[in-house]
Amino acid sequence: MGGKRPTVLFVYYSFTKQTELVVDAMAQEMTTRGCTMTKAPLEFHDAHYSDRFSQLPMSRPILNIVGMLVAQRRRKTGGITIPPEAQNGDYDLVVFGSPTWWLTTCMPVRSYLQSPAATAVLDGKPFAGVSVSRRYYKGNLGDIKKLGGQAGGTWSGGTQFVSDGNQVMSMASWLVFMRKNEPRRRYFGVPLPRPNLRRDYGEGAKRYADELADKVFGGWPVGTAS
């Protein structure tokens, strides 16, 4: 990289702030590696779908989730607001953070990846994907890889972060969290796992940030200034 600090752009969507936690941990670690970080959270304002994700607590989480099934399985796009930093720029690496919605990339991130802005940013550049989900992440990372490649980027790999508990109990805990906007250890006497990321997500995020920096930047040393 010569004397130039590597520049990294994070483009992500995070309604419950779990994806944002991962992005923050990765960004902090890459900063210690001497990288210049830019974070670009997407806003979801689609007229047909975004009201489902307008506020917490969510009064009807099951209906809101099921209501996204058809659109997600058809891989539809929707209205988003793209921060200026993610509309163009000569970045050395772009990282996409997306929760998994119905086995695939969430609509806001997919909409960005199919936009002219993604084509402008990804032109010949390496990119990576980060999936945050209950369990199923392969479809999410696969779609990020496919769409990013179609936009002109070069895939550098991806990783996943999941919630505590098994699939059933994790979902139950998450639904309670969405209705109450706070974690509950028990509900109607039933013990619940943590509703969101596992406690060790920060360690995993830092480890993946280091692996990605080594792969893309060739072992750029910690604390190197421009």
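Okay, a quick definition to start: when I say buried I mean under 20% relative accessible area, exposed is over 50%, and partly exposed is in between, with a 1.4 Å probe and protein chains only. This is a predicted model, so local features need pLDDT of at least 70 and side-chain atom pairs count only at pLDDT 80 or more, while totals for chains, interfaces and linings use all residues. Residues are numbered from 1 along each chain as its sequence is written, and side-chain values use heavy atoms, with hydrogens and water left out.

Let's take Ser-170 first. Ser-170 sits in helix H7; helices here are DSSP runs (H or I, at least four residues), strands likewise (E, at least two), numbered from the N terminus. Ser-170 has a relative accessible area of 0%, so it counts as buried. From its C-alpha to that of His-48, 122 residues away in the chain, is 28 Å.

Now helix H8, residues 201-217. Its 17 residues run 23 Å from first C-alpha to last, close to the 24 Å expected at 1.5 Å a residue, where the expectation is 1.5 Å times one less than the number of residues. Which residues of H8 are buried? They are Gly-202, Gly-204, Ala-205, Tyr-208, Ala-209, Leu-212, Ala-213 and Phe-217. These cover an arc of only 165° around the axis, so they lie on the same side of H8; the arc is taken from the directions from the helix axis to the C-beta atoms. On the face turned away, you'll find Glu-203, Arg-207 and Lys-215 exposed.
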